[in-house]
Amino acid sequence: MTEGVHGSCQCGAVTFRISGAFDAFFFCHCGRCRKDTGSAHAANLFSARAVLDWQSGQDSIRTYRVPDTRHEKSFCVACGAAVPAMQGTMLVVPAGSLDSPIDIKPSAHICYASRAEWDERLEDVPRLDGLPG
């Protein structure tokens with residue numbers, strides 16, 4: 001990833017560029033990540049060496065940390081979309097916030113034992129290319 005990847009929030013107020021390689025790409029099934037996304041899992045990229053460059057909207061970002069934990073989520077205050085965050089020395093990037101293709105595939109499902117009871121045999125669920133109906 002020599003030229004970097006670009007990303008943004010849903011409304012476009014927050015834009016960013018990431019230079020450097022991602023170390024891992026995890027699907028986390030813990031209850032906190034399910035609450036963050038409203039879905040079966042969070043899809044986050046991690047890097048200890050990539051550099052995040054905010055191009056616009058940094059003042060529109062807020063971070064919520066679950067009290068007494070290390071779990072946090074950064075998001076655009078206008079549209080609520082998840083955006084990257086530095087957590088200690090680790091850059092955490094919500095995969096869905098990227099607008100550029102990436103060359104890393106998911107590394108693993110993590111906290112899999114915590115998955116929702118309906119998160120089972122999803123490969124058997126019909127697939128549609130658009131909305132139903």
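Which residues have the most contacts inside the largest nonpolar core, and how many residues does that core have?

A: First, the ground rules. This is a predicted model, with local features needing pLDDT of at least 70, side-chain atom pairs counting only at pLDDT 80 or more, and totals for chains, interfaces and linings using all residues. Residues are numbered from 1 along each chain as its sequence is written, and side-chain values use heavy atoms, with hydrogens and water left out.

The largest nonpolar core has 14 residues. Those with the most contacts inside it are Ile-18, Phe-22, Phe-25, Leu-45, Leu-91, Val-93 and Leu-98. A nonpolar core here is a set of buried Ala, Val, Leu, Ile, Met, Phe, Trp, Tyr and Cys residues joined through side-chain atoms within 4.5 Å. Buried means under 20% relative accessible area, exposed over 50%, and partly exposed in between (1.4 Å probe, protein chains only). Strands S2 (15-19), S3 (24-28) and S10 (90-94) each give two or more residues to this core. Strands are DSSP runs of E, at least two residues, and helices are runs of H or I, at least four, numbered from the N terminus. A second, separate core of six residues includes Cys-9, Ile-61, Cys-76 and Val-83. In soluble globular proteins, nonpolar side chains tend to be buried together.

Take Phe-25 next. Not counting residues up to four places away in sequence, Phe-25 touches Ala-43, Asn-44, Leu-45, Ala-95, Ile-102, Ile-104, Lys-105, Pro-106, Ser-107 and Ala-108. Contact means heavy atoms within 4.5 Å.

Now S2. Its covered face holds Phe-16 and Ile-18. Thr-15, Arg-17 and Ser-19 form the uncovered one. S2 runs antiparallel to strand S1 (residues 5-8), joined by four bridges. Two strands pair if DSSP finds at least two bridges between them. In S1, His-6 stands opposite Arg-17 of S2. The hairpin of S1 and S2 has six residues between the strands, and Gly-12 takes a positive phi near 90° there. S2 also pairs with strand S5 (residues 51-56), in the antiparallel sense, over five bridges. Thr-15 stands opposite Ser-56 in that pairing.

Finally, the setting. The protein has one helix and eleven strands, in the order β-β-β-α-β-β-β-β-β-β-β-β. Buried residues make up 34% of its 133 residues. Among contacts between residues at least 6 apart in sequence, 61% join residues at least 24 apart.
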